[in-house]
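Trainee: Please show me the model and take me through it step by step.

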Amino acid sequence: MRIVFRSSFAAIWLAATVGCSGTVDPAAARASLLEADRAWASAAAAGDIEKVKTFWSDDAVNFFPGRPPAHGKEQIGELVKRNRSIPGFSLTWDPDRAVVSDSGDLGYTYGSFRVSRTGPDGNPVQREGNYVEIWRRQPDGTWKCEVETTIFSE
C-alpha cells in the first residue's frame with residue numbers, strides 16, 4: 001500500500017509540476033513586453049536604425065498614415081531610413097500599457113508618440129498621436145512586433 005501511495009504521489013507531483021511549468025505569470029509577461037517596447041523606443045530616439053529593425057518580425061506590417069503599408073522587416077527598415085534622412089527628424093514614444101494573452105505568446109502595447117522634423121521655413125514641426133503595436137513572443141522569450149499602426153492627433 002505504501003508503494004502505491006508513493007507512486008501515486010510521485011505521479012500527481014510530476015503532473016502538477018509539468019502542468020504548472022507552462023503557466024504564464026501575467027504581471028511578468030506584461031512587464032517584459034513593456035520593457036521591450038521601451039527598449040525599442042530608446043533605440044529609435046537614439047537613431048539606431050539597425051537596433052530598431054531588430055524589434056520587428058521578419059513579416060511585420062507597418063501602417064503609417066498617408067503611406068501604403070510597409071510589409072516585412074526590410075521594407076519597414078527602408079521607411080525608417082527615409083524618415084531618418086528628413087532634416088531634423090526625431091521620433092519618440094512612450095507605451096502606456098501592455099496586454100498579454102493568457103497563453104503569453106501574443107500581446108499588444110499602446111501609447112503616445114511625437115515625431116518632429118524641420119519644416120521648409122527652417123522651424124521645427126511636431127506632430128503627436130497614438131499608436132498600437134501587436135507583438136508575438138519568440139521561442140527565445142524575446143518579443144517581436146508583428147503589426148504597428150499610428151494615428152495622428154488633429
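Predicted model: local features only at pLDDT ≥ 70, side-chain atom pairs only at ≥ 80, totals over all residues.

Mentor: Residues are numbered from 1 along each chain as its sequence is written, and side-chain values use heavy atoms, with hydrogens and water left out.

Trainee: In what order do the six strands of the open sheet lie?

Mentor: Strands (E, at least two residues) and helices (H or I, at least four) are DSSP runs, numbered from the N terminus. Two strands pair if DSSP finds at least two bridges between them. The pairing in this open sheet is mixed, and the order is E2-E1-E6-E5-E4-E3.

Trainee: Which strands stand at the edges?

Mentor: An edge strand here has a single partner strand, so one side is left without a neighbour in the sheet. That holds for strand E2 (70–71) and for E3.

Trainee: How many bridges join E3 to E4?

Mentor: Strands of a sheet pair through backbone hydrogen bonds, either parallel or antiparallel. E3 (residues 90–100) and E4 (residues 106–118) run antiparallel. Val100 has Gly107 as its bridge partner, and Thr92 stands opposite Arg114. The bridges between E3 and E4 number ten.

Trainee: What is the volume of the largest cavity?

Mentor: On a 1 Å grid over the protein atoms alone, a cavity is a set of points where a 1.4 Å probe fits but cannot get out; lining residues have an atom within 4 Å of a point. Grid points are joined across faces, edges and corners, and a volume is the space filled by probe spheres set on the points. The search finds one cavity of 30 Å³ or more. The largest cavity has a volume of about 340 Å³.

Trainee: Which element gives the most to the lining of the largest cavity?

Mentor: Of the 20 lining residues, the closest to the centre are Asn62, Val80, Asn83, Leu91 and Glu148. Elements giving two or more residues include E3, E4 and helix H4 (72–84). The top contributor, with five residues, is H4.

Trainee: Which elements give two or more residues to the lining of the largest pocket?

Mentor: A pocket is an open set of points with protein on both sides within 12 Å along at least five of seven lines. The largest one has a volume of about 210 Å³. Its lining includes Phe64, Val115, Arg117 and Gln126. The elements that give two or more residues are E4 and E5.

Trainee: Which residues make the nonpolar surface patch of about 310 Å²?

Mentor: Patch residues have over 30% relative accessible area and no salt bridge, and nonpolar side chains are joined within 5 Å. Areas come from the Shrake-Rupley method with a 1.4 Å probe. E4 and E5 each give two or more residues. The patch is made by Tyr108, Tyr110, Val132 and Ile134.

Trainee: Which residue meets Lys53 in a salt bridge?

Mentor: A salt bridge puts a side-chain nitrogen of Lys or Arg within 4 Å of a carboxyl oxygen of Asp or Glu. The structure holds five. Lys53 lies in helix H3 (residues 49–53), and its partner, 21 residues apart, lies in H4. At 3.4 Å, N to O, that partner is Glu74.

Conventions:
Patch = residues over 30% accessible without salt bridge, like charges linked within 9 Å, V, L, I, M, F, W, Y side chains within 5 Å.
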